[in-house]
Amino acid sequence: MVKMGVDLRTVVISIFVSLLLFVSASSESNDDGTFRVGLKKLATRFGSSQEEALRSSFRSYNINLGGDSGDADIVALKNYLDAQYYGEIAIGTPPQKFTVIFDTGSSNLWVPSGKCFLSISCFFHAKYKSSRSSTYKKDGKRAAIHYGSGSISGFFSYDAVTVGDLVVKDQEFIEATSEPGITFVVAKFDGLLGLGFQEISVGNATSVWFGGVDPNHFRGEHTYVPVTQRGYWQFDMGEVLIDGESTGYCGSGCSAIADSGTSLLAGPTAVIAMINKAIGASGVVSQQCKTVVDQYGQIILDLLLAETQPKKICSQIGLCDFDGTEGVSMGIESVVDKENMKSSSSLRDAGCLPCEMAVVWIQSQLRQNMTQERIVNYVNEICERMPNPNGESAVDCSKLSTMPTVSFTIGGKVFDLAPEEYILKIGEGPVAQCISGFTAFDIPPPRGPLWILGDVFMGKYHTVFDFGNERVGFAEAV
C-alpha cells in the first residue's frame with residue numbers, strides 16, 4: 001500500500017506557476033512491509049543561521065529537514081516557493097542521487113541522461129550514467145512524455161532504484177535525452193517518479209512503487225472508496241457543497257481523481273464559477289455567458305419550471321444537440337456539413353457550454369426556492385465570476401473570515417475546506433495577494449465531468465493509495 005499524506009497545507013504561487021504544476025513527496029519504508037510515501041511541507045528558504053534554528057525546532061517534532069543525521073528511512077521533502085516539492089532518490093551502484101517529484105498523476109520514473117547534450121536544462125541538473133548494477137536490454141525502446149507545461153523524450157534503461165530504505169532492482173526508467181523549453185531549466189528537481197497505475201505508464205513500464213510494494217499489508221481507518229477506473233486513481237464523488245448548500249451539479253454523482261501532481265483543485269467551470277461567486281473571486285467577464293443569459297435565461301427558467309428534462313433544455317432551444325443522454329456541441333454539425341452550417345453552427349457552438357452552465361445555476365437556485373427575479377440576477381452575477389482563461393482568480397485577502405466552507409462528499413462523508421485552506425496567499429500586510437485555489441477544468445463525457453483533487457485538498461486530508469485493494473482513502477491530516 002502506498003500512503004500519501006500532507007502535514008501542512010500545500011499551495012502554489014510563484015513566477016513559474018504556469019510552467020510547473022508538480023508536487024513531490026517524502027518516503028519511508030517500514031518494518032511491516034508497508035511502503036509509505038508521506039508528503040511533508042518543509043520550508044528551506046532561509047539563511048544558514050535561520051535554517052539551523054528552524055531545524056532545531058523541527059527536531060523536537062521528529063521532522064527531518066534534510067542534511068541531518070536522522071532516521072535513514074526518512075527522505076526529506078524540500079519546498080521551493082510553495083510551488084515545487086521534491087525528495088531525493090538514488091539510482092545505480094554506487095548510488096547516483098537525484099531529486100524528483102513524486103506524482104500520483106503519472107506512472108514513469110525519469111531522470112536526465114548523461115547522453116543529454118542539446119537541452120539547456122540538462123546542464124543544470126544531475127545526469128544518470130550507467131553503473132555496475134545497470135542492465136542493458138537490446139529492445140531499442142524509446143519514450144516521450146508530454147505534460148501541460150513541457151515534455152521529455154529519451155530511452156528506457158534498467159538499474160537499481162533506492163527510495164528511503166526500499167531498493168528495487170532492475171527497475172525500468174527513462175533516461176531523458178531531450179528536455180526542450182524553459183520548464184525544466186527553472187525546475188529545482190531533476191526528474192519525476194510516477195505513483196500512478198501501470199495502465200497510464202509510457203511504454204507500459206512498471207512503476208517503482210509497484211516493484212517495491214508488498215501487497216499483503218493493507219490497513220487504515222480512513223474513509224475508503226473503490227477505484228472505478230485504473231490508470232489514474234479515479235473514484236466516484238458525491239455532491240459539492242458551498243456553505244452546506246448543494247450546488248446540484250454532482251447530485252447523481254461525479255468522478256474524481258486524487259492527484260499529487262496537480263497543485264490546485266480543478267473542477268467543471270459551472271461549479272467553479274459558483275464557488276468563485278460565493279468567495280468573491282473576480283475573473284474575466286464572459287461575453288458568451290452574458291449573451292446566452294440575456295437571450296435565453298428566462299426561457300431556461302420557464303422550461304425548468306415546466307419540469308423539462310434539464311439535459312434536453314439546451315438542445316430544445318437550439319444551442320446544443322442531444323445524443324440521448326446529454327447535450328452535445330453543435331460544432332459536430334459543422335464538421336459534417338462545413339459549407340452549409342459553418343456560420344450558424346459556430347454561433348450555436350459558442351453558446352452550448354454557457355447554456356448548460358446556466359441550467360445548472362438556475363437549478364441550484366430553484367432548489368433554494370428563490371424568486372424568478374432573484375434567479376435571473378444571480379445567473380447574471382455569476383457570469384461575472386467566470387474563471388480566467390489561465391485558471392487564476394483573485395480574492396480580497398481581508399475577507400477570508402467571511403468566505404464560506406466548500407465541501408466535497410466522498411464515500412458518504414463530507415470533507416470540508418475552510419477559506420484558509422483553499423485560498424493561496426502571497427505576502428503579508430497591505431501588499432498581500434490572495435488567489436482562489438479552485439481552477440476550471442472541463443472534461444467531456446464519458447470520462448467527465450471530472451474533479452481533480454490536487455494539493456489544495458490533499459493538504460488538508462491524508463490520502464491513502466491502496467493498490468492491493470484498488471481503493472483510495474481519506475482522513476484529516478495531523
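Tyr-461 stands opposite Glu-476 in S28. Strands, numbered from the N terminus, are DSSP runs of E with at least two residues, and helices are runs of H or I with at least four. The model is predicted, so that local features need pLDDT of at least 70 and side-chain atom pairs pLDDT 80 or more, whereas totals for chains, interfaces and linings use all residues. Residues are numbered from 1 along each chain as its sequence is written, and side-chain values use heavy atoms, without hydrogens and water.

S27 and S28 are antiparallel and share six bridges; strands count as paired if DSSP finds at least two bridges between them. Four residues lie between the strands of this hairpin, in which Glu-470 adopts a positive phi near 50°. S28 (residues 471-476) is also joined to S12 (residues 223-226), by four antiparallel bridges. Within that pairing, Thr-223 has Phe-474 as its bridge partner.

## Asp-466

Asp-466 belongs to strand S27 (residues 461-466). Its relative accessibility is 0%, and Asp-466 therefore counts as buried (under 20% relative accessible area; exposed is over 50%, partly exposed in between, with a 1.4 Å probe and protein chains only). A polar atom of the Asp-466 side chain lies 3.4 Å from the backbone nitrogen of Gly-468.

## Helix H8

The buried residues of H8 include Ile-375, Tyr-378, Val-379, Ile-382 and Cys-383. They lie on the same side of H8 because they cover an arc of only 140° around the axis, taken from the directions from the helix axis to the C-beta atoms. An α-helix has 3.6 residues a turn, so residues three or four places apart point the same way.

Definitions and conventions
A polar contact is a pair of N or O atoms within 3.5 Å; within protein, one must be able to donate a hydrogen and the other to accept it, and residues adjacent in sequence count only if both atoms are side-chain atoms.
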